[in-house]
Amino acid sequence: MGNIATTVEAQIKRLKERGLIIDDEEKAKEILLDIGYYRLGFYFYYFQDSENHNFEEEIKLDDIIDLYYFDFDIKMLLLRYIYRIEVHFRTQLVYHVSNHYETNNAWYSDPRIVNNDILKEFNNIYYNLKTNNNTLIKHHSKYPGDSFAPAWKVFEFFTFGQIFKFYSNLKNEELKKKIASTYGFRDVSLLNNYLISLINIRNICSHNAVLYDFNQPIGIRRIPNLKYRLKTGNTTNLNASIRLLLFMLSKISSNRANDLENSLKLEFEKGKNKILVKKIIENKIKFDL
């Protein structure tokens, strides 16, 4: 969009000059004023040349909008079920560590229990919670002598990424193994790989970035389940992330995993009725459930 604001009429003119087919300009104005030129630009990008930003032949605005809404619907669907895993993992961490250190309900602030690196970051986070979060404000009002509230209160307000950081920064390796074992893993590094991958997808979905083209920075390790194991050597694309999500969800609830799988199949079948979306599904995502 550049550094200078433009009118919706100018935006349509620019898109048409670059070869985008716009059949209904009034509808295009409505879309651009609803979603925004800049946000849609993340989807335009994949069908333009890098030098002049000209579109590939026969690309229509309607095709881009179909892709945008397909991507959005998949993000909202995945986010719902990733949250299910997040809640479960938070519960395992708080339950097992709090019971292990039963006389220290604020173990997350203790440098004997967690590495100093996470504590430096945590102090700012806790100060913000303590001054802005009603639950913690009430706690410190009721218990003015407490430097920190119990873990089961505080961790409810941490992000998935923050929760994982505390897990990975636990000094007690046996505790980490115990938590990993609740998912059937003896290898803590395997759980780490899976959780980092899910957090990456969660961040894409919650920040409304482009999902269909996302690739994990580090490949997803071999899934120890034939049903969800990757069928190809691609361990970074969206299809790999979807298979991992289903696998981890099945560790918590087979019913929820089946619900998600059926919902995904339905969304992808609907997507295949759209020309551009079908192309993306088959050539980019390579969805194979």
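How many Å should the 18 residues of helix α12 span at 1.5 Å a residue, and how far apart are its end C-alpha atoms?

Figure 1. The predicted model has 13 helices and 0 strands. Read from the N terminus, the elements run α-α-α-α-α-α-α-α-α-α-α-α-α. Along the principal axes, the C-alpha atoms fill a box of roughly 70 × 45 × 35 Å. The protein has 289 residues, and buried ones make up 46% of them. Among contacts with a separation of 6 or more, 64% join residues 24 or more positions apart.

**Figure 2. Helix α12 from end to end.** Helix α12 covers residues 254–271. At 1.5 Å a residue, its 18 residues should span 26 Å. The end C-alpha atoms are 26 Å apart, which agrees with that expectation.

**Figure 3. The buried face of α12.** Seven names mark the buried positions of this helix: Ala257, Leu260, Glu261, Leu264, Glu267, Phe268 and Gly271. Viewed down the axis of α12, the buried residues fall within an arc of 130°, so they line one face of the helix. Their cover includes α4 (61–100), α11 (238–252) and α13 (275–285).

**Figure 4. The second largest pocket.** This pocket has a volume of about 150 Å³. Its lining consists of Asp66, Tyr69, Phe70, Asp73, Glu267, Lys270, Gly271, Asn273, Lys274 and Val277. Two elements, α4 and α12, each give two or more residues to that lining. Helix α4 gives the most, with 4 residues. By class, the lining divides into 3 nonpolar, 2 polar and 5 charged residues. Glu267 and Gly271 line the pocket and are also buried in α12. Helix α4, in turn, contributes to the pocket lining and is among the elements that cover the buried residues of α12.

Figure 5. Ile199 lies in helix α10, which covers residues 188–206. Is Ile199 buried or exposed? Its relative accessibility is 9%, so Ile199 counts as buried, the cut-off being under 20%. Leaving aside residues up to four places away in sequence, Ile199 touches Phe160, Gly161 and Phe164. Leu15 gives a point of reference elsewhere in the chain: Ile199 and Leu15 are 184 residues apart along the chain. Their C-alpha atoms are separated by 35 Å.

How values were computed:
Residues are numbered from 1 along each chain as its sequence is written. This is a predicted model: local features need pLDDT of at least 70, side-chain atom pairs count only at pLDDT 80 or more; totals for chains, interfaces and linings use all residues. Side-chain values use heavy atoms; hydrogens and water are left out. The expected span of a helix is 1.5 Å times one less than its number of residues. Buried means under 20% relative accessible area, exposed over 50%, partly exposed in between (1.4 Å probe, protein chains only). The arc is that of the directions from the helix axis to the C-beta atoms. Contact means heavy atoms within 4.5 Å. On a 1 Å grid over the protein atoms alone, a cavity is a set of points where a 1.4 Å probe fits but cannot get out, and a pocket is an open set with protein on both sides within 12 Å along at least five of seven lines; lining residues have an atom within 4 Å of a point. Grid points are joined across faces, edges and corners, and a volume is the space filled by probe spheres set on the points. Ala, Val, Leu, Ile, Met, Phe, Trp, Tyr, Cys and Pro count as nonpolar, Asp, Glu, Lys and Arg as charged, and the others, Gly among them, as polar.
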